[in-house]
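Here's a sequence with its model, and you're seeing both for the first time. Could you walk me through how the helices pack, and then point out some of the local details?

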Amino acid sequence: MTEHGPAIVADNASKLFADGAVVAFRRLSLEVRSREILCIVGPSGCGKTTLLRCIAGLTDISDGRLVVHGKPVQGPPDGVATVFQHFGLLPWKTVYDNAAFGLAMAGTSSTIIRERVNHYLALAGLTGFEKHYPYQLSGGMQQRVGLVRALATNPSVLLMDEPFAALDAQTREVLQEELLALMQRPDERKTMVFITHSIDEAIILGDRIAVMSARPARIAEIIDLPFGWPRDVDAVRADPRFAALREHIWNQLRPQRAGARAKEAVA
Ligand SMILES: Nc1ncnc2c1ncn2[C@@H]1O[C@H](COP(=O)(O)OP(=O)(O)O)[C@@H](O)[C@H]1O
Ligand SMILES: [Mg+2]
């Protein structure tokens with residue numbers, strides 16, 4: 001695993017469905033730097049989830065090149081963990097067993113599982129809830145378990161697919177701050193690809209933002225965010241550059257939104 005060079009490279013990668021009737025993305029190129037937080041925004045249905053699933057090795061690209069840690073993706077790469085929008089917890093398993101799931105699947109010893117799971121449960125404020133079941137938890141707590149499950153596998157790349165989209169606005173802000181606090185710890189910092197519908201969220205969390213175009217998707221623009229680390233969410237929101245960036249990205253997405261609507265109308 002290299003600390004140098006990009007963590008993920010997509011080079012003219014395409015993904016087609018239904019024998020080419022649906023092109024999720026075509027000749028898409030993107031580099032994700034090691035230990036950066038790259039947020040991806042784009043219109044609904046443009047292929048964000050598909051791109052993430054390809055990086056996670058859950059489905060193959062149709063053409064081009066996709067490389068994680070220097071190796072072409074063929075099945076789930078080592079050191080990559082995913083957090084999904086709808087938590088993906090097993091309802092019949094406790095918080096502890098859900099959090100331990102990835103490690104248990106990998107055949108990790110129970111001593112190491114206990115150490116890692118308890119470490120992240122504590123960081124996520126879930127100590128004391130180990131024996132609870134998902135239905136006994138709020139949405140925010142369920143997604144913290146989803147995050148703990150991913151982090152416990154000690155990934156170097158964390159893929160997040162709109163992980164906070166199903167949460168209410170307040171809980172979402174709390175989880176954003178918790179995630180930032182975690183990523184600010186040098187020992188916990190990872191390469192992260194974070195897909196979101198929320199322009200604000202992308203600006204608050206990202207080192208860079210990749211704006212995807214409507215289908216067939218490409219990377220329309222990459223924005224370097226001027227806010228450094230450690231990052232204070234309130235200070236970022238109050239920064240005049242926040243509003244300017246927000247407007248810029250909104251304008252980037254607007255014609256594509258109109259285009260997507262027109263396409264839907266004729267479909
Ligand atoms: N398994 C599949 N079979 C056929 N079409 C699919 C499949 N998965 C996704 N799609 C299509 O690919 C496009 C991109 O979907 P998706 O990646 O979920 O978009 P996003 O996450 O940006 O909203 C959509 O038009 C969707 O209907
Ligand atoms: Mg999606």
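Helices α2 and α4 cross in a right-handed way; a crossing is right-handed if the near helix is turned clockwise from the far one by less than a right angle, and left-handed if anticlockwise. Here α2 covers residues 95-105 and α4 covers residues 139-152, and the two pack at an angle of about 35 degrees with axes 7 Å apart. Those axes are lines fitted to C-alpha atoms, for helices over the stretch in contact, and the angles run from 0 to 180 degrees between N-to-C directions. As for the naming, helices (H or I, at least four residues) and strands (E, at least two) are DSSP runs, numbered from the N terminus.

So who touches whom? On the α2 side you'll find Val95, Asn98, Ala99, Phe101, Gly102 and Leu103, and they meet Val145, Val148, Arg149 and Ala152 of α4, where contact means heavy atoms within 4.5 Å. Sorted by class, this contact of α2 with α4 has seven nonpolar, two polar and one charged residues. For that sorting, Ala, Val, Leu, Ile, Met, Phe, Trp, Tyr, Cys and Pro count as nonpolar, Asp, Glu, Lys and Arg as charged, and the others, Gly among them, as polar.

A quick word on the ground rules: this is a predicted model, where local features need pLDDT of at least 70 and side-chain atom pairs count only at pLDDT 80 or more, while totals for chains, interfaces and linings use all residues. Residues are numbered from 1 along each chain as its sequence is written, chains are lettered from A and ligands numbered from 1 in the order in which they are written, and side-chain values use heavy atoms, with hydrogens and water left out.

Helix α4 also packs with helix α5 (residues 169-183): their axes come within 10 Å and cross at roughly 25 degrees. That's why α4 and α5 are roughly parallel to each other (angles under 35 degrees count as roughly parallel, over 145 as roughly antiparallel, 65 to 115 as roughly perpendicular and the rest as oblique). This crossing of α4 and α5 is right-handed. From α4, Gly140, Gln143, Arg144, Leu147 and Leu151 meet Thr171, Val174, Leu175, Glu178, Leu179 and Leu182 in α5. That contact splits into six nonpolar, three polar and two charged residues.

Then there's helix α3 (residues 110-123), whose axis comes within 9 Å of the α4 axis, crossing at roughly 140 degrees. That makes α3 oblique to α4. The crossing of α3 and α4 is right-handed. Arg116, Val117, Tyr120 and Leu121 of α3 meet Val148, Leu151 and Ala152 of α4, a contact with six nonpolar, no polar and one charged residues.

Now for tryptophan 229. Arginine 189 lies over its face, 4.5 Å from the ring centre, and arginine 231 lies over the face of tryptophan 229 too, at 4.3 Å. To count as over a ring, NZ of Lys or CZ of Arg must be within 6 Å of the ring centre and within 35 degrees of the ring normal. Tryptophan 229 is also joined to proline 230 by a cis peptide bond, with omega about -5 degrees, and proline 230 lies in the loop between β10 and α7 (233-238).

Another cis peptide bond runs from arginine 215 to proline 216, with omega near -10 degrees.
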